[in-house]
Amino acid sequence: MTDEMTEKKTTWQIYSGSRVPHDGIDRLPEPPPWRTFKGGPPLRIPPGDCGNPHAAVSYRPGEDAVRQVNAALYLRRPLLVTGAPGTGKSSLAYAVAHELGLGKVLHWPITSRVTVRDGLYEYDPLTRLYAAERARDKSRRGPAEPTTGDDDIGEYLRLGPLGTALLPYDRPRVLLVDEIDKSDIDLPNDLLTIFEKGSYELVELARRAAPTARVMTADRTTERVEIRDGTVTCRAFPLVVMTSNGEREFPPAFLRRCVTVHLKQPESRAELTAIVREHLGTVLGEQDGTLPEGARKVIERFFERRSTGLLANDQLLNAVYMCHHASFSEEPASVAELADQVMPFLSSEVTRTDDD
């Protein structure tokens with residue numbers, strides 16, 4: 001095998017899961033012909049971190065997650081991430097944005113009342129109407145002023161997380177569509193149209209004689225972006241990370257257009273220990289890579305109880321943190337009781353690992 005072939009074999013993955021920022025996104029090849037978008041003019045991603053640095057640097061992705069993130073990046077397809085609560089589904093989005101330098105994650109939490117329009121943009125007609133009335137009242141009281149008959153509609157339009165992610169950025173933004181399984185039954189199919197087209201129309205802007213305006217984005221910055229001809233078309237298709245707790249099934253048409261990955265619960269004490277170390281090693285004062293005895297006992301207790309009911313990893317972190325501080329003044333039995341209280345079962349359903 002030549003050196004060139006070896007290099008290609010070891011470097012095809014853009015996202016490595018190393019948690020170390022790098023510019024590997026610049027190596028991403030051109031998209032497949034059927035996933036090419038021509039939006040413009042190109043925009044630079046706003047400066048700043050991913051929005052949750054702790055989640056980004058403490059997350060430990062598995063090999064499956066790393067592979068499927070890269071597949072979503074290469075194919076310009078949404079990534080559907082399933083798994084039990086606490087397995088790091090949301091953290092994966094922040095980890096990718098942190099490592100690849102893709103700016104702040106655009107977070108879109110889903111409920112049963114959310115529609116595609118909510119994710120694309122908001123229009124505030126009442127505030128616009130009140131502003132027009134105030135302007136008319138002012139003109140009546142003072143000397144007449146020349147007007148163009150066209151107010152700044154951009155003041156009353158604000159792009160949502162999905163709408164912002166589809167702006168023509170020169171690099172892909174990361175969009176976290178959180179808990180999509182809680183959505184109305186029509187939302188997944190409605191999203192398909194947006195994901196396939198890579199574009200959408202701002203109806204209120206497109207209807208105007210001059211359908212160009214500078215509008216606010218979901219980044220919560222003071223800068224506005226220019227929308228031309230009432231339409232937004234992406235340039236670099238965003239990395240859309242959609243999380244699901246498995247509370248519903250999705251239509252086959254939706255699934256075949258997504259890259260999917262299932263995140264499993266840690267299957268060993270060593271994996272749980274590594275997670276605690278990543279999140280709380282500094283707080284616990286670990287020495288030579290070893291956690292204090294109290295923390296190790298809580299991990300063991302969590303591991304044992306997980307065989308009789310559903311528990312989430314964040315419950316373990318909460319219990320370790322609380323018991324670490326309680327142990328300075330409480331008796332060991334009280335600390336153990338506290339651990340059980342901080343780790344109540346989320347379900348009576350027994351969870352099993354592949355080794356069971």
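**Exercise 1. A salt bridge at Arg77**

With which residue does Arg77 form a salt bridge, and how far apart are the closest N and O atoms?

*Solution.* Note at the start that this is a predicted model.

Step 1. Find the partner. Arg77 forms a salt bridge with Glu196. The closest N and O atoms are 2.6 Å apart.

Step 2. Check the cut-off. A salt bridge needs a side-chain nitrogen of Lys or Arg within 4 Å of a carboxyl oxygen of Asp or Glu. The pair Arg77 and Glu196, at 2.6 Å, is counted as a salt bridge.

Step 3. Arg77 is buried, with a relative accessible area of 16%. Glu196 is partly exposed, with 33%.

Step 4. Widen the view. Shared partners in salt bridges join Arg35, Arg77, Glu196 and Arg257 into one network. The structure has 20 salt bridges by this rule.

**Exercise 2. Two further salt bridges**

Which parts of the chain does the pair Arg224 and Glu155 tie together? Which helices hold Glu300 and Arg269?

*Solution.* Take the pairs in turn.

Step 1. The side chains of Arg224 and Glu155 meet in a salt bridge, with 3.6 Å from N to O. Arg224 lies in strand β8 (residues 224-227) and Glu155 in the loop between α6 (125-141) and β4 (157-159), so the pair ties together parts 69 residues apart in sequence.

Step 2. Arg224 is partly exposed, at a relative accessible area of 22%. Glu155 is partly exposed too, at 43%.

Step 3. The side chains of Glu300 and Arg269 also meet in a salt bridge, with 2.7 Å from N to O. Glu300 is in helix α12 (residues 293-305) and Arg269 is in helix α11 (residues 269-284). They are 31 residues apart, and the pair links distant parts of the chain.

Step 4. Glu300 counts as partly exposed, at 26% relative accessibility. Arg269 counts as partly exposed, at 39%.

**Exercise 3. Aromatic rings**

What is the angle between the planes of Phe250 and Phe254? Over which ring does the charged end of Arg305 sit?

*Solution.* Start with ring pairs, then turn to charges.

Step 1. The structure holds 4 aromatic pairs. One of them is Phe250 with Phe254, 5.4 Å centre to centre and with 35° between the planes.

Step 2. Classify the pair. Planes under 30 degrees apart count as stacked, over 60 as edge-to-face, and the rest as tilted. The pair Phe250 and Phe254 is therefore tilted. Both residues are buried.

Step 3. Find the cluster. Phe37, Phe195 and Phe237 form one aromatic cluster. Arg35 lies over the face of Phe237, at 4.6 Å from the ring centre.

Step 4. Find the ring under Arg305. The charged end of Arg305 sits over the ring of Phe345, 4.4 Å from its centre.

**Exercise 4. Helix α12**

Which residues of α12 are buried, and what covers them?

*Solution.* Go from span to cover.

Step 1. α12 has 13 residues. From its first C-alpha to its last, α12 reaches 18 Å, close to the 18 Å expected.

Step 2. The buried residues in α12 are Ala295, Val298, Ile299, Phe302, Phe303 and Arg305.

Step 3. An α-helix has 3.6 residues a turn, so residues three or four places apart point the same way.

Step 4. The cover over the buried residues of α12 includes α11, α13 (313-326) and α14 (332-342).

Definitions and conventions: Residues are numbered from 1 along each chain as its sequence is written. This is a predicted model: local features need pLDDT of at least 70, side-chain atom pairs count only at pLDDT 80 or more; totals for chains, interfaces and linings use all residues. Side-chain values use heavy atoms; hydrogens and water are left out. Buried means under 20% relative accessible area, exposed over 50%, partly exposed in between (1.4 Å probe, protein chains only). Helices (H or I, at least four residues) and strands (E, at least two) are DSSP runs, numbered from the N terminus. Rings of Phe, Tyr and Trp (its six-membered ring) pair if their centres lie within 6.5 Å; planes under 30 degrees apart count as stacked, over 60 as edge-to-face and the rest as tilted. A charge sits over a ring if NZ of Lys or CZ of Arg is within 6 Å of the ring centre and within 35 degrees of the ring normal. The expected span of a helix is 1.5 Å times one less than its number of residues. Contact means heavy atoms within 4.5 Å.
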